[in-house]
Amino acid sequence: MEEYITSPGNPSVKRLKMLHNRKYRDLYGQYLAEGPKIVKEALLNGEDIWALAVSENFPWTDFKEEIGIELDTLRVLILNEKLFNDVSDAKTPQGILAVINKRQYALDDVLNADSYFLTLLDEIRDPGNLGTIIRTVDAAAGDGVVLTKGCTDPYSPKVVRSSMGSIFRVPVYKTDDCAAFLNKLLQQGVHVLVSHLNGSSLFEWPGGYKKTVLVIGNESKGVREEICECASSLIKIPIYGKAESLNASVAAGILIYEVVRKSR
């Protein structure tokens with residue numbers, strides 16, 4: 001179902017603009033995914049799409065043929081190029097974006113499993129880092145990402161873009177009281193692995209636990225002390241050269257894959 005829109009005052013256009021703001025993403029339970037690749041992934045992944053917005057210059061017919069699935073019942077807003085560029089978040093708009101209804105995940109579904117591997121992020125602020133970590137968890141077949149209260153919004157356009165579609169496959173959970181959450185898991189026999197400058201070498205950590213939560217801290221401050229006190233193990237990635245530290249998402253990639261390797 002295609003709608004041609006030319007007015008910036010159109011309610012649907014206003015909704016697109018509002019979703020650049022976290023307040024309205026939370027209010028409507030929706031977020032934006034922009035660009036042909038990520039929209040294609042959303043469609044093929046069966047995401048609940050409220051509407052697509054397409055620039056009149058975008059090769060929409062070719063895109064539909066390439067997707068190869070029925071799209072006739074999908075709401076499609078055709079915008080002139082100026083109007084599309086106004087609602088786009090990208091520096092170089094690619095002519096198509098999707099408004100996606102957020103999936104609802106229940107953390108207990110994971111915690112009741114016989115085995116799992118979760119990555120908990122403590123106040124990760126950089127959208128690029130968060131999106132890349134979600135993508136890494138997806139690649140490593142992790143069971144989800146848990147965010148503390150101070151983390152950036154996982155549904156911001158920059159996070160969605162940098163996740164490269166992994167946001168559609170990786171459950172994202174939130175916890176307001178991280179220490180209480182981890183203490184509860186410790187009582188259930190979960191191994192809480194915390195990245196810390198004073199930890200032992202990651203590569204000497206034995207691994208092999210059925211239930212593991214890996215905690216990665218803020219880009220500049222690391223993991224908060226009250227969370228470190230919940231650790232079953234403190235580990236670090238050894239630095240052999242002269243660099244003081246690794247980028248948060250690079251460090252997360254090394255940590256995540258080492259946990260997965262030692263869990264097999």
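The structure holds zero disulfides, a disulfide being a pair of cysteine sulfur atoms within 2.5 Å. In Cys151, the sulfur is 9.1 Å from the closest cysteine sulfur, that of Cys178, which is too far for a bond. Cys228 is likewise in no disulfide, and the nearest cysteine sulfur, in Cys230, is 8.8 Å away.

Cys151 is buried at 4% relative accessibility, and Cys228 is buried at 8%. Buried means under 20% relative accessible area, exposed over 50%, and partly exposed in between, with a 1.4 Å probe and protein chains only.

## Basis of the model

The model is predicted: local features need pLDDT of at least 70 and side-chain atom pairs count only at pLDDT 80 or more, while totals for chains, interfaces and linings use all residues. Residues are numbered from 1 along each chain as its sequence is written, and side-chain values use heavy atoms, leaving out hydrogens and water.

## Positive phi angles

Most residues other than glycine have a negative phi. Glu123, which is not a glycine, has a positive phi near 60°. Glu123 belongs to the loop between β6 (116-121) and α7 (127-139), where helices (H or I, at least four residues) and strands (E, at least two) are DSSP runs numbered from the N terminus. With a relative accessible area of 16%, Glu123 is buried.

Met164 also is not a glycine, and its phi is positive, at about 55°. Met164 is found in the loop between α8 (157-163) and β8 (172-175). Its relative accessibility is 33%, so Met164 counts as partly exposed.
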